[in-house]
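Please keep the structure in view while going through the points.

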Amino acid sequence: MTPQNAGVCAVTGASGYVGSIIVQALRPHIPVVEMVRNPSSASAIQWSLDSREGIQETLQAHNVRTLVHAAWDMRATTLRDMEQTCVQGSAALFEAARRAGVERIVFISTISAFDSCQSAYGKTKLSVEKLLQGASVVLRPGLVFGPRPGGVFGGIRNQVRNSRILPIIGSGHNPQYLLHEQTLGQSVRRAVSGEFDQTRGFPITLAHPKPWPFRDLVRSIAASENRQVTLVPVPWPVLFAGIRTGEALGLKLPFRSDSIVSFVHYNRNPDFAPQRSLGIEPIPYLPSC
């Protein structure tokens, strides 16, 4: 499906895992410019959430008419840090886009963003959703996976590959809602083309509606890697405190303490109705994927 009259599309966070999936999905159908911290090609724009000057002129110079905002500061570990970088940086970007004549914004939020969420990640994503005031398309992807996964799923796989003893939070039965890379890419392409414009103001949760208990997911990843792992239950406050201490010491860790909060305080009733109404059929997770 080719986006019609979409002009040039700019993608923030294009060098990240999710951003790169989006760029690959869009590029065969629409001119794309990548907005990244360290440009490495002629099609890339130097930009970060800390940028405050020159964004409007840059977007105008590239004739950007559609913006997909997928960037996030994954180095931030506290609510205050995320508000200062991610929320304020997004607000500046949206204002620059408005002044530059950008006609459509697609914001990549998260399934962890909902009204009673407890994590800093979910809260600040929700804050950015509200900045748009129902004027743009908001997508809330679940845990993204694929043949060469990055992000949280890739982190889990790396832990499986590197250790035979893995701590898990409590019983490990907390549900994980998964989203295949292909479904993500197709959905963003449709959003960019204008197919989802009628949903403005109503976030679209993107994930297969059948949840995977976390411990089963880890075991399935281990099986696909031909690994035997032992899962050791750990109370979540203990795991949270350990990671938080490591963050305070400046250690590079595979997961953030805030991810523990997202894991424990998950959305008990994600709304998949908008996804169904748009005819989105997520590819289910299989251990071989």
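1. Helices and strands are DSSP runs, numbered from the N terminus; a helix (H or I) needs at least four residues and a strand (E) at least two. The model under discussion is a predicted one.

2. Is Leu-249 buried or exposed? Exposed means over 50% relative accessible area. Leu-249 counts as exposed because its relative accessibility is 62%. Together with Leu-251 and Leu-253, Leu-249 forms a nonpolar patch on the surface, and the accessible area of the three together is about 290 Å².

3. Ala-10 belongs to strand β1, which covers residues 8–12. Buried means under 20% relative accessible area; Ala-10 has 0% and is therefore buried. Leaving aside residues up to four places away in sequence, Ala-10 touches Val-33, Met-35, Leu-59, Val-64, Thr-66, Leu-67 and Val-68. Ser-171 is 161 residues from Ala-10 along the chain, and the C-alpha atoms of the two are separated by 42 Å.

4. Ile-55 is found in helix α2, residues 55–61. With a relative accessible area of 6%, Ile-55 is buried. Which residues does Ile-55 touch, not counting those up to four places away in sequence? They are Met-35, Trp-47, Leu-93 and Ala-96.

Conventions:
Residues numbered from 1 in each chain as written. Predicted model: local features only at pLDDT ≥ 70, side-chain atom pairs only at ≥ 80, totals over all residues. Heavy atoms only, no water. Patch = residues over 30% accessible without salt bridge, like charges linked within 9 Å, V, L, I, M, F, W, Y side chains within 5 Å. Areas by Shrake-Rupley, 256 points an atom, 1.4 Å probe, with all protein chains shown as cover. Salt bridge = Lys/Arg side-chain N within 4 Å of Asp/Glu carboxyl O. Buried < 20%, exposed > 50% of the residue type's maximum accessible area, 1.4 Å probe, protein only. Contact = heavy atoms within 4.5 Å.
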